[in-house]
Amino acid sequence: MLWNRDRSVILSQVSTRIIMALGVVLAALLPFLCTGGFFHGRAFIDAQNIPLIMPAYYAFCVPAYVALISLDRLLAAVKRNEVFTAKNVRLLRIISWASFAAAAVLAISSYVSITFFALAIIATFFGIILRAMKNLFAAAVELQEESKLTI
């Protein structure tokens, strides 16, 4: 089986949608997992902080789903061969700001576990990379528009 760009985009879309579905399942099961002692002995979280996981996770879900939905739309545009467009620049901007918002939620939630602070640093780094990609896409869109005017 040959690996090509179309299959890669399809794999990315399927992966994004699987992550979205797993997030919904976890959101539905989290109250049962927290009250049933599932996390006890399995994570670096004190027993008294287990109920604090739920609001942290639900607050994290908001920017995470904004990013996942925007990513799905971006991948759909790439699948249609619409790569360097103003819409994709806007989607990358939304994903990067969602990443920064997720980082803020994780940093605020770091009182539950130091792991949340480490994840906040990773989310911030991811947001910075996405901002650089957004700037590259914006420059490419601008060059593409200029080339259309000169021909």
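A salt bridge is a side-chain nitrogen of Lys or Arg within 4 Å of a carboxyl oxygen of Asp or Glu. The structure examined here is a predicted model, in which local features need pLDDT of at least 70 and side-chain atom pairs count only at pLDDT 80 or more, while totals for chains, interfaces and linings use all residues. Residues are numbered from 1 along each chain as its sequence is written, and side-chain values use heavy atoms, with hydrogens and water left out.

Lys134 lies in helix 4 (helices are DSSP runs of H or I with at least four residues, numbered from the N terminus). Lys134 is buried (under 20% relative accessible area, with exposed meaning over 50% and partly exposed in between, for a 1.4 Å probe and protein chains only) and has no salt bridge. The nearest side chain of opposite charge (Lys and Arg count as positive, Asp and Glu as negative, and His and the chain ends are not counted) is that of Glu142, 10 Å away. The Lys134 side chain does make a polar contact with the side chain of Asn135, at 2.8 Å; such a contact is a pair of N or O atoms within 3.5 Å, one able to donate a hydrogen and the other to accept it within protein, and residues adjacent in sequence count only if both atoms are side-chain atoms.

In soluble globular proteins, nonpolar side chains tend to be buried together.

The buried residues of helix 3 include Asn88, Leu92, Ile95 and Leu106.

Three aromatic pairs were counted (ring centres of Phe, Tyr and Trp, its six-membered ring, within 6.5 Å; planes under 30 degrees apart are stacked, over 60 edge-to-face and the rest tilted). Tyr57 and Tyr58 form an edge-to-face pair, 5.9 Å centre to centre with 65° between the planes. Tyr57 counts as buried because its relative accessibility is 16%, whereas Tyr58 is partly exposed at 33%. The ring centres of Trp97 and Phe100 are 5.6 Å apart and the planes are at 65°, so this pair is edge-to-face. Both residues lie in helix 3, three residues apart, about one turn of the helix.

Key
Helices (H or I, at least four residues) and strands (E, at least two) are DSSP runs, numbered from the N terminus.
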